[in-house]
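Please look through the structure below with its ligand, pockets and cavities in mind. The paragraphs after it take these in turn.

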Amino acid sequence: MCGIVGYVGHRSALDVVLGGLQRLEYRGYDSAGVALVADGSDGMFLASAKRAGKLANLIGALDEQPLPVAHTGIGHTRWATHGAPNDRNAHPHISGRVAVVHNGIIENFATLRAELETAGHELLSETDTEVVAHLLADELQTTPELPDAVRAVCRRLKGAFTLVIADADHPDMVVGARRNSPLVVGRGDGENFLGSDVAAFIEFTREAIELGQDQVVVITPDQIDVTDFDGNAVEVTEYHVNWDASAAEKGGYELFMLKEIAEQPQAVADTLLGRYNAAGELQLDEMRLSDDELRNIDKIVIIACGTSFYAGMVAKYAIEHWTRVPCEVELSSEFRYRDPILDRSTLVVSISQSGETMDTLMAVRYAREQRARVLSICNTNGSTIPRESDAVIYTHAGPEIAVASTKGFLAQVVACYLLGLYLAQVKGLKYGDEISQIMAELAAVPAAIQRVLDDADVVRKLAGELVNEQSFLFLGRHVGYPVALEGALKLKELAYLHAEGFAGGELKHGPIAVVDDGTPVFAIVPPRSRDRLQDKLVSNIQEVRARGARTIVLVEDGDDEVLPYADHVIRLPKVPTLLQPLVATVPLQIFACELASQLGHDVDQPRNLAKSVTVE
Ligand code: G6P
C-alpha cells in the first residue's frame, strides 16, 4: 500500500527521497510527506513537509517553501487506513527528535494511544503511526540509542508494519523495521537506501538485501546492520536486481499502463525463456519441490486476489486438463476462513504479482501450517510470499507500475501453464512431444499478442463511441469466462463504471434481465475448434441482441458465423482454446484504458485503489 523511502549518503536526501517516492507512488497516492535531518544554527533538527493528495502537491509546496539541504531523509506516499487522507494524517509523524513513516496497520494502536494520552501525550492525528512516534520518543528517554529504542517499541506492536525512522540526534542514520509488510535495503557506495521495493532506489543501485520478518535494519552511509527485534545479528540474503531504472519509467509512453500493455509480447516470451534442460525436458529453475513430492500431489488449490485470481481461474482449465489433478481456485481472503481440507499431498499455488498482498500472504501461511506444500507464482524477486513458500515460479514481466495489472496477468497465466505441463511431465501423463507441441504453441503467442496490439485502433475507436455508456456486460464460456470477469474488472478499476462479467450459461439465470436497448455486451467467442462451446456462445449473443443489446464480439480470424449478430467485431488471431485468454484479454485492457483516458481519469493511479494491498 504505502510507499516508503529512506536515505543516508552524500547526495541531496530530498532529491533521492522524492525520486524514490515518485517511483513508488503507484503503491498509494492520497498524501505524501518527507522529513530530513538538517543542520541548523542550534544543531541538527528535523525539517518536514507533508501534503494531502498526490506527490505533485507536496513537490509544489516544497518549491514554494524549500527545505534545507540535508543528506539523511525519509519519505512516504500514503494509502489511508486510519484517518482521512489530509495534511494532518499524512506521514511523517514527528514526536520529539524522531520522525516516523509507516506502512501497515498497528492492531493494538487504540490501547497504546489510550496509554500515551493518559501519560499526557497530545496526539495530533488520527493515525496509528503517530502512536509509534510517541512511543519511540518516550523510549528514547531511557534507551538513548535509536536502534535499541526501535527494537523495544517493535516488541510492543501488534499487527503489520514497516517503519522507517529518522532521528535528529543520529544524523547519519536511518532505521527500518518490518513485520508482515515489505522493506528492502539498497546497498550503495558511501550511501545506503531503504524502500518498500527496489524501484525506490533502482536509479542508484541494483544491489539489494532482503529483510526477513521481525527484523530491524540500521543504515549509515557505510554500513548496513540487520538484527531481530531482540538485537541478535541475523544472516541476510543479498541479490542483484535484473532490471534497471529505465524499466520503471514510461519510456516514451504517455501512461505506464500503455507501456505495460505494449510489453506483453515480451513479458510472455521472457516468462517462457530458459524452461528446457539439455535433455529437452521442461525445467522450472526455482522449483524447490522434488519430482517425488510433485508426483504425490493429488489436489491443487490456487489462491489469489484481484486480477491474479482470474489468472488462477484460467489456469484451472489447463491444469486439470493436462494433469487430471482436481484444481480449486479460491480468493485468498476467503480461503483461510473456511477451514479448507488440506494435507501433505495438497499443492497450494499462490499467485501474486507483487508477492506482498496481505490476504495471499496470510493464506500461504495458513496453508503451510496445515502442512500443504505451497508454490508461489510471483513477479517480484525478494518479496515476502515467494520467500515463505516451498517453491517459486517467477514470472519475468518486469516491474509493473500501473495499478491495474496487465502484463502481470498474462505472465501469470503462462507460469501456471508451465506448472501444469511440468506436473504432467513428472507424473508421466504427457509424452515429451505433446509437451513440446504445447510449448511451441505458447512460443507463438507473443507474435499473436503483437498482432492484437497492432490492430488496436478499432478498439480505441470503439471506446470513443461508447464513452457515454454507464453499464457494460462481458460474456464468456470456459476460459473465456475469467476473461469476461477480467474485462469487467478493468473497466471498473479504470473507468469507475458498472461492469459485470458472467458465464454464458448463466445468462438466462439472471443477467439477461438487465439487458436493455443499447446495453453494450462484450462477448468472447471460443475458437471454432471447440464447436459446442462456440455454438453455445453464438446463441448467447443472439439472445442478448434480441433484447436490444449492442454486441461487441471478440472472435478468431475466419469465424464469420457470428457476424450477423455483431454490432462490432474485434478479431483475434487463431490460437488453441486454452491459449485464447492470452490474446482475448488484451483488447479488453486497451478498451478500459482508452475509455478511462477519454473520461479524463488517472489511468495509472485510479481512485481508491493501490497496487500492492498490504493490509487485510
Ligand atoms: C490490487 C491491484 C490489482 C491486483 C491485486 C492482486 O488490487 O490493484 O491489480 O490484481 O491487488 O495483487 P497481487 O500483487 O497479489 O497480484
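The ligand sits in the second largest pocket. Here, sitting in a pocket or cavity means that more than half of a molecule's atoms lie within 2 Å of its grid points. Those points belong to a 1 Å grid over the protein atoms alone; a cavity is a set of points where a 1.4 Å probe fits but cannot get out, while a pocket is an open set with protein on both sides within 12 Å along at least five of seven lines, and lining residues have an atom within 4 Å of a point. This is a predicted model, in which local features need pLDDT of at least 70 and side-chain atom pairs count only at pLDDT 80 or more, whereas totals for chains, interfaces and linings use all residues. Residues are numbered from 1 along each chain as its sequence is written, and side-chain values use heavy atoms, with hydrogens and water left out.

Helix 9 gives the most, with five residues. By class, the lining of the second largest pocket has twelve nonpolar, eleven polar and three charged residues. In this count Ala, Val, Leu, Ile, Met, Phe, Trp, Tyr, Cys and Pro are nonpolar, Asp, Glu, Lys and Arg are charged, and the others, Gly among them, are polar.

Which residues come nearest to the ligand? They are S308, S352, Q353, S354 and T357, out of 15 residues around the ligand, where a residue is near if one of its heavy atoms lies within 4 Å. Helix 9 (residues 306–323) also gives the most to this shell, with three residues. The shell divides into four nonpolar, nine polar and two charged residues.

Some of these neighbours make polar contacts, that is, pairs of N or O atoms within 3.5 Å; within protein, one must be able to donate a hydrogen and the other to accept it, and residues adjacent in sequence count only if both atoms are side-chain atoms. The side chain of S308 has an N or O atom 2.5 Å from an oxygen atom of the ligand. For Q353, a backbone N or O atom is 2.7 Å from a ligand oxygen atom. A polar backbone atom of S405 lies 3.5 Å from an oxygen atom of the ligand. On its own the ligand has 390 Å² of accessible area, and the protein covers 91% of that area; accessible areas come from the Shrake-Rupley method with a 1.4 Å probe, and for residues only the protein chains shown count as cover.

Now turn to the largest pocket, with a volume of about 680 Å³. It is lined by 40 residues, of which W243, N379, T380, G398 and P399 lie nearest its centre. Strand 14 (237–240), helix 7 (264–272) and helix 12 (384–387) are the elements that give two or more residues to this lining, and helix 7 has the largest share, three residues. The lining of the largest pocket comprises 14 nonpolar, 16 polar and ten charged residues.

The count of cavities of 30 Å³ or more comes to two. The largest cavity has a volume of about 90 Å³, and its 13 lining residues include C2, W79, T81, H91 and G104, which lie nearest its centre. Strand 6 (residues 98–106) gives the most to this lining, with three residues. The second largest cavity has a volume of about 40 Å³, and among its lining residues are R477, H478, I524 and Q580.

Two backbone details remain. Most residues other than glycine have a negative phi, and most peptide bonds are trans. The peptide bond from H91 to P92 is cis, with omega near 0 degrees, and P92 lies in the loop between strand 4 (70–78) and strand 5 (93–95). R324, which is not a glycine, has a positive phi of about 60 degrees; R324 lies in the loop between helix 9 and strand 16 (327–331).

Key: Helices (H or I, at least four residues) and strands (E, at least two) are DSSP runs, numbered from the N terminus. Grid points are joined across faces, edges and corners, and a volume is the space filled by probe spheres set on the points.
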